[in-house]
Amino acid sequence: MEGETFLWLIRHAPVDGVKGTIHAPDAPADLGDHAQLEALRQSLPRDAASYASPSRRTVETARALGLDPTLVSEFREQDFGDWTGHRHDELAATGGEAYAQFWSDPAHGRPPGGESFEDQVARVRVGLSRIGAGSATLVVHSGTIRAALCIALDLTPQAALRFVVDPLSLTRIDRLASGWRVVSVNQRVS
């Protein structure tokens, strides 16, 4: 790909729903932190291309930031299949061996009917390859940002899962002619 790409990755606002739940793509965002949204909006590059996962919470966050993003399906969150809509404590109590086994190797394990984090990394790689030179803002999920960091730093999927990515945080990475550069991770803009 010609030229350098400068990426501003923003994790969506918190989900407006029960904490500890594996939320479905249609879960809404809690956009009540107006000060943080405004600080983020002010820190984003002007005239950058904007992209988002097609999930409701990412689209709502992007619009609250004044963006009109192109929706990229490769940037959606990891698919937790049959576990979507359930709480982790409920699954730990009733999920049996499959739930326990998944957490023994979360980078490679697949929930019933879902995908592994390793699968998500491969998907995000395809999405990133479609972003051209210049500045781009991506409003996405914590898993998507971890996948991008996995790619940028040439990490194993297991190692990339160690990153903390908070709601409404900013992660900056650049794709240069010589390779990737990480500028910041999980930054709280104020």
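Predicted model: local features only at pLDDT ≥ 70, side-chain atom pairs only at ≥ 80, totals over all residues.
Colleague: What makes β5 and β6 paired strands?

Modeller: Strands are DSSP runs of E, at least two residues, and helices are runs of H or I, at least four, numbered from the N terminus. Two strands pair if DSSP finds at least two bridges between them. Six bridges join β5 (residues 170-176) to β6, antiparallel, so the pair qualifies. Within it, Arg-175 has Trp-180 of β6 as its bridge partner.

Colleague: Why are β3 and β6 said to stand at the edges?

Modeller: The open sheet has six strands in the order β3-β2-β4-β1-β5-β6, with mixed pairing. β3 (70-71) and β6 (179-187) each have a single partner strand, so one side of each lacks a neighbour in the sheet.

Colleague: And which helix lies across β6?

Modeller: That's α6 (residues 142-153), which lies across β1 (5-11), β4 (134-140), β5 and β6, at about 145 degrees to β6. Axes are lines fitted to C-alpha atoms, for helices over the stretch in contact (heavy atoms within 4.5 Å), and angles run from 0 to 180 degrees between N-to-C directions.

Colleague: Why is Glu-74 with Arg-130 called a salt bridge?

Modeller: The term asks for a side-chain nitrogen of Lys or Arg within 4 Å of a carboxyl oxygen of Asp or Glu. The N to O distance here is 2.4 Å, so the pair passes. Glu-74 sits in the loop between β3 and α3 (88-94) and Arg-130 in the loop between α5 (117-129) and β4, so the bridge ties together parts 56 residues apart in sequence. The structure holds nine salt bridges.

Colleague: Is Glu-74 buried or exposed?

Modeller: Buried means under 20% relative accessible area, exposed over 50%, and partly exposed in between (1.4 Å probe, protein chains only). Glu-74 has 13%, so it is buried, whereas Arg-130 has 56% and is exposed.

Colleague: What about Arg-110 and Asp-119?

Modeller: Their closest N and O atoms are 2.8 Å apart, and they form a salt bridge. Arg-110 is exposed at 53%, and Asp-119, at 23%, is partly exposed.

Colleague: Which residues are linked in a network of salt bridges?

Modeller: Arg-172, Asp-174 and Arg-181. For Arg-172 and Asp-174 the closest N and O atoms are 2.7 Å apart. Arg-172 has 11% relative accessible area and Asp-174 has 1%; both values fall under the cut-off, so both residues are buried.

Colleague: What makes a set of residues a nonpolar core?

Modeller: The members are buried Ala, Val, Leu, Ile, Met, Phe, Trp, Tyr and Cys residues joined through side-chain atoms within 4.5 Å. The largest core has 23 residues, and Leu-7, Leu-9, Phe-75, Leu-128, Ile-131 and Leu-138 touch the most other members. Its largest share, seven residues, comes from α6. Another core, of 16 residues, lies apart from it and includes Ile-10 and Ala-29.

Colleague: How do you know that Thr-21 is buried?

Modeller: Its relative accessibility is 16%, so Thr-21 counts as buried. Thr-21 lies in the loop between β1 and α1 (34-43). Leaving aside neighbours within four places in sequence, Thr-21 is in contact with Gly-85, His-86 and Arg-87.

Definitions and conventions
Residues numbered from 1 in each chain as written. Heavy atoms only, no water.
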